[in-house]
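Me: I'd like to learn how to read a protein model. Can you take me through this one step by step?

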Amino acid sequence: MLQLIAQRLTAAVPGVLGVIVVTFLLSRALPGDPAAYFAGPAATPQAIEEIRQKLGLDRPMWEQFIDYIGDLVRGDLGNSLTTGQPVMQELVTRLPASAELTLLALVVAVLVAVPLGVLAAVKQGSWIDHLSRVVTTAGVSLPTFFTGLLLVYVFYYKLGWAPPPLGRLDIYFSPPDHVTGFYLIDSLIARDLELFVAALGQLILPASTLAVFALAPLARMTRASMLAVLSSDFIRTAKAGGLRSHTVVVTYAFRNAVLPVVTTLGMVFSFLLGANVLVEKVFSWPGIGSYAIESLIASDYAPVQGFVMTMALLYVFLNLLIDVLYGVIDPRVGIDA
Amino acid sequence: MKRREFLASGAAVAAGGAAIAAGIRPAKAQGRSDVLLTISENHPNSLDIHGVGANRPAYEASWNLYDRLMTFGVKKDANGNDHYDYSALKPELAEEWDLGPNSVTFKLRKDAKFHDGTPVTAKDVKWSFDRAVTVGGFPTFQMKAGSLEKPEQFVVVDDHTFRVDFLRADKLTMPDLAVPVPAVFNSGLAKKNATDADPWAMEWLKNNAAGGGAYKVERWAPGQELIFARFDDWKSGPLPKIRRVVWRQVPSAGNRRALLERGDADISFDLPNKDFAELAAAKSLTVIGTPVENALQYVGLNVTKPPFDNIKVRQAVAYAIPYQQIMDAVMFGRGIPMFGGKGVTDASWPQPAPYVTDINKAKQLMAEAGYPNGLETTLSFDLGLAGVNEPMCVLIQESLAQIGIKTTIAKVPGANWRNELLKKQMPLYTNTFGGWLNFPDYFFFWAYHSQNAVFNTMSYQDKAMDALIDAARFETDKAKYEAAVQGFIKKAWDEVPRIPLYQPYLNVAMQKNITGYRYWFHRQLDYRQLAKA
């Protein structure tokens with residue numbers, strides 16, 4: 001197992017290095033001039049030139065790159081011009097916000113999609129199969145920002161059930177002491193139940209929005225994979241042997257069908273981190289997605305580079321996790337698979 | 001049972017979730033009357049107005065956290081709303097001042113303190129002004145606009161007396177001392193946090209306030225929320241009514257409107273014009289639109305290259321703009337029309353240009369100009385302000401097609417827009433320009449003078465125009481001044497290098513129980529006058 005992890009990590013190194021070079025070049029190749037942007041609307045060409053010098057943008061590209069690498073080695077990702085804060089610090093505070101939202105959405109999606117997919121496969125052609133079809137079609141075809149705005153419109157604006165879409169906490173609460181950065185966990189550590197409920201209340205709409213989006217591929221994959229397993233020989237044998245249908249479905253079929261679902265789960269998680277960008281914007285969520293987009297609009301290089309770096313590392317870690325999970329779920333999956 | 005439903009479908013998840021949320025809603029309706037929740041699309045990137053690239057929201061933070069020596073008075077505008085009064089300078093940190101021909105001497109308040117309790121002295125004022133003229137970039141340029149250029153101009157007479165020596169007689173010097181840039185910093189505190197590499201404590205002051213203004217920072221999470229608490233020892237004016245201001249960033253315009261309509265947020269700028277028009281009609285909120293002083297939305301024409309180097313083509317375009325449609329369908333009436341005027345009547349600015357939509361006349365002008373079969377060109381706009389610019393450009397495109405001008409619309413990303421303006425290559429585009437200082441000659445100096453500043457986006461250069469602008473800038477005789485102003489306005493209309501469309505509004509929507517909103521030239525919110533019933 002350790003060997004596998006080490007192997008995977010070494011294999012990821014060239015990829016990460018590539019990402020560093022490409023993001024650096026890409027962010028410089030983008031149209032837009034940060035100096036002109038940050039000089040403000042009343043700036044003269046001299047003012048813009050002064051800002052360009054202050055930002056070091058007047059120096060040759062390779063010098064900027066060497067500086068960038070040097071800073072990276074020291075763990076310094078530079079400063080964001082849009083929020084005025086060090087990128088590292090911003091990522092550290094914003095990543096938990098995104099992760100909390102994404103993970104909760106994923107949990108909700110799995111809790112709904114997997115039973116739905118299994119039932120749809122077992123009772124093929126029944127109403128639950130049709131329901132599954134409707135839900136997955138809706139999930140794929142509704143853009144997340146639309147679902148988000150719709151939920152806000154119905155549950156906040158019309159019905160007034162949901163709290164205002166004002167980010168992670170209502171204005172009358174202060175965030176819990178930082179332990180994990182996950183408000184749900186930190187509020188429980190602080191034994192502040194009211195805060196926990198408040199944080200959960202803010203999470204429900206955005207997490208549901210993301211969950212609706214994530215549901216579709218999971219439910220479809222579960223159904224397809226269950227159908228394939230259910231029609232295989234060993235299930236027929238098990239049924240013929242008179243095993244209870246519960247045992248057949250859960251113990252034999254599901255365990256064998258779950259591998260492609262886990263693969264899809266990994267993919268969906270990466271989708272979700274992308275879809276996050278729009279959901280975060282709709283719900284004023286202070287996550288890394290909205291941070292990256294705002295920086296991109298302002299052609300603010302440092303946060304964009306930091307964001308892509310973080311994402312690349314996250315994917316490496318995620319893929320590793322899924323590979324390890326394979327081995328746990330199905331021991332037949334070899335180490336060099 | 002709830003749990004089963006919860007698992008049943010995505011819709012049930014949302015409903016169940018909302019039910020849990022509904023349970024917590026009543027618990028939060030507490031302590032609202034002295035807390036103000038303001039929401040905006042963008043958030044400050046610095047608390048220091050002298051910082052590199054400090055954005056517009058940063059002006060608001062600085063304005064409320066710091067005091068200036070003087071401030072502007074207040075008057076009622078045409079609609080009976082409070083409007084800062086450019087002509088009346090009022091005391092803020094300075095109790096009184098003595099204005100001479102070569103200098104001005106300020107007497108500082110003896111009881112004024114910074115947030116940390118240290119008294120405000122003339123040394124702090126000097127340090128702050130020295131900083132503004134030294135650090136470069138925006139603050140230095142803004143100070144220069146009022147002929148405030150060198151540290152030697154700022155003299156500490158004693159602890160509570162401060163003198164500014166003039167380099168030259170400039171009508172902008174005194175008002176320039178009341179704009180956000182010459183804020184007074186706590187120099188002792190700032191110096192403690194300065195380093196050899198950073199003698200002006202730029203790094204530290206970006207994230208920390210060292211002021212003595214009516215509000216101090218309680219909590220700041222950049223890009224999320226900024227909480228201000230009232231500074232109860234504030235002496236530079238009447239104690240503000242609002243104890244706490246919570247400023248949240250809400251990027252989605254739709255949500256900002258929803259928050260206002262539900263009564264969860266108290267006040268917001270930047271919504272689309274359509275929303276402001278609808279909110280104003282619904283009457284459940286107070287909506288105030290104030291014409292932005294000395295600002296115009298216009299269509300610019302690059303006069304250095306064919307076809308727009310030809311006056312007749314420019315006039316043809318000016319007669320082909322669908323003015324009224326733009327006012328109705330794009331602005332929803334929230335702007336002051338700058339077309340259909342009767343010629344130059346006085347020296348006020350902005351005033352409506354004499355152009356109207358007249359397709360026949362435009363066609364005739366095109367034929368006279370030698371383009372009877374029309375021409376092809378590109379119409380560019382700033383994608384950062386697409387809400388207004390995009391529909392406007394589509395309307396202009398349709399209308400120009402009627403006189404044979406085929407246009408391709410170019411959408412320029414916001415970050416790139418200033419770059420494109422600087423290059424001065426775009427043949428036809430729409431843009432806004434406004435000057436902080438409310439003088440016609442100030443506007444024309446930036447927009448029409450052959451010094452060819454970035455705001456002279458058309459690259460218009462004309463000796464006679466320069467002579468009129470220069471004459472107005474330093475003229476002290478009122479009649480001569482007004483003659484020069486009328487002269488350059490008329491010339492700008494006759495030769496139309498830029499076609500005025502409308503004077504935009506600064507719109508703000510707030511709850512009915514909020515009073516005391518005042519329009520400021522910096523177009524940000526001043527919390528000090530606000531009250532909540």
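Predicted model: local features only at pLDDT ≥ 70, side-chain atom pairs only at ≥ 80, totals over all residues.

Me: How many helices and strands does chain A have?
Reply: Helices (H or I, at least four residues) and strands (E, at least two) are DSSP runs, numbered from the N terminus. Chain A has 13 helices and zero strands. Chain B, on the other hand, has 18 helices and 21 strands.

Me: And how compact is chain B, judged by its radius of gyration?
Reply: That radius is taken over C-alpha atoms, and the globule rule to hold it against is 2.2 Å times the number of residues to the power 0.38. Chain B comes out at 26 Å, close to the 24 Å that the rule gives for 533 residues, so it is as compact as a globular protein of that length. Its C-alpha atoms fill a box of roughly 80 × 75 × 45 Å along the principal axes. For chain A, the C-alpha trace spans about 85 × 55 × 40 Å along its principal axes.

Me: What share of the contacts in chain A join residues at least 24 apart?
Reply: A contact means heavy atoms within 4.5 Å. Taking contacts between residues at least 6 apart in sequence, 73% in chain A join residues at least 24 apart. In chain B that share is 69%.

Me: Now for charges. What is a salt bridge?
Reply: Side chains of opposite charge can pair when their charged atoms come close. We call it a salt bridge when a side-chain nitrogen of Lys or Arg is within 4 Å of a carboxyl oxygen of Asp or Glu. The count over all chains is 37.

Me: Where do Arg236(A) and Asp233(A) lie?
Reply: Both belong to helix α10 (residues 233–240) of chain A, three residues apart, which is about one turn of the helix.

Me: Are Arg230(B) and Asp232(B) buried or partly exposed?
Reply: Arg230(B) is buried, at 13% relative accessible area, whereas Asp232(B) is partly exposed, at 46%. The two meet in a salt bridge of 2.8 Å, N to O. Elsewhere, salt bridges that share partners join Arg257(B), Glu261(B), Lys274(B), Asp275(B) and Glu278(B) into one network.

Me: Last one: which residues does Pro251(B) touch?
Reply: Leaving out residues up to four places away in sequence, Pro251(B) touches Lys281(A), Ser284(A), Glu294(A), Glu41(B) and Arg256(B). Look for Pro251(B) in the loop between β10 (244–249) and α9 (253–261) of chain B. Pro251(B) counts as buried, at 10% relative accessibility.

Methods. Residues numbered from 1 in each chain as written. Chains lettered and ligands numbered in written order. Heavy atoms only, no water. Buried < 20%, exposed > 50% of the residue type's maximum accessible area, 1.4 Å probe, protein only.
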